[in-house]
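Biologist: I have a model open and would like to learn how to read its features. Please take me through them in order.

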Amino acid sequence: MGWHITDGPKVGHWVAEQTEGAYFAEKSQAIGLERDGKTVAGVIYENWNGRSIVCHIAFLGRLTPAFLYTVFKYPFITCNVLKIIAPITSTNEKALKVVQKMGFVEEARITNAGPTGDIVFMTLARESCRFLGGRYG
């Protein structure tokens, strides 16, 4: 039969089993916020490994307290992770500023790895998250 190059979910499952990693297609989740029938905010969670999860956040305008609670409840309570990781390109100053206001801190940086600069790994530990109680919960 010989060698054959393939792709698809079967390959992803195999690689995940070999590396103790999380397969993207089965361990990703998205949560959105709509206003007047239009999506105005969303978060994608991926690469859950039991201790951490990667997220990508996008929004237009203000976020509601209920949405912020839900955004952080999912990883910290539902998935029971210790840390959220948000990779952001260093030239995206708006995103860096917003996640810093949310409590994320820069934990690592890979120089010249992003499409227009460095990739900055911003993280938020569960014990530092202020969105799980008070006016949010």
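Modeller: What follows covers a helix, the aromatic rings, the nonpolar core and the salt bridges. This is a predicted model, in which local features need pLDDT of at least 70, side-chain atom pairs count only at pLDDT 80 or more, and totals for chains, interfaces and linings use all residues. Residues are numbered from 1 along each chain as its sequence is written, and side-chain values use heavy atoms, with hydrogens and water left out.

Biologist: How do I read a helix, and which residues of α3 are buried?

Modeller: An α-helix has 3.6 residues a turn, so residues three or four places apart point the same way. Helices (H or I, at least four residues) and strands (E, at least two) are DSSP runs, numbered from the N terminus. Buried means under 20% relative accessible area, exposed over 50%, and partly exposed in between, with a 1.4 Å probe and protein chains only. In α3, residues 93–102, the buried residues are Leu96, Val99 and Met102. They lie on the same side of α3, because they cover an arc of only 120° around the axis; that arc is taken from the directions from the helix axis to the C-beta atoms.

Biologist: What covers the buried residues of α3, and which exposed residues are on the face turned away?

Modeller: The cover includes β3, α2 (65–78), β4 (83–89) and β6 (119–125). The face turned away carries Glu93, Lys94, Lys97 and Lys101, which are exposed. After α3 comes Gly103, with a positive phi near 115°.

Biologist: How are aromatic pairs found, and how many are there?

Modeller: Rings of Phe, Tyr and Trp (its six-membered ring) pair if their centres lie within 6.5 Å; planes under 30 degrees apart count as stacked, over 60 as edge-to-face and the rest as tilted. The count here is 3 aromatic pairs. Phe72 and Phe104 have ring centres 6.4 Å apart and planes at 50°, so this pair is tilted. Phe72 lies in helix α2 and Phe104 in the loop between α3 and β5 (105–110), so the pair ties together parts 32 residues apart in sequence. Phe72 and Phe131 have centres 4.9 Å apart and planes at 10°, so they are stacked. Phe131 is in the segment after β6, so its pair with Phe72 in α2 ties together parts 59 residues apart in sequence. Phe72, Phe104 and Phe131 form one aromatic cluster.

Biologist: What about the nonpolar core?

Modeller: In soluble globular proteins, nonpolar side chains tend to be buried together. A nonpolar core is a set of buried Ala, Val, Leu, Ile, Met, Phe, Trp, Tyr and Cys residues joined through side-chain atoms within 4.5 Å. The largest one has 28 residues, and Phe72, Phe104 and Met122 have the most contacts inside it. Its largest share, 5 residues, comes from α2. Phe72, at 1% relative accessibility, counts as buried, and so does Phe104 at 2%.

Biologist: Where are the salt bridges, and how many does a search of the whole structure find?

Modeller: A salt bridge is a side-chain nitrogen of Lys or Arg within 4 Å of a carboxyl oxygen of Asp or Glu. The search finds 3. Glu107 and Lys83 meet at 2.9 Å, N to O; Glu107 is in strand β5 and Lys83 in strand β4, 24 residues apart. Arg109 forms a salt bridge with Glu106 at 3.1 Å and another with Asp118 at 3.0 Å. Asp118 is buried, at 14% relative accessible area, whereas Arg109 at 39% is partly exposed.

Methods: Contact = heavy atoms within 4.5 Å.
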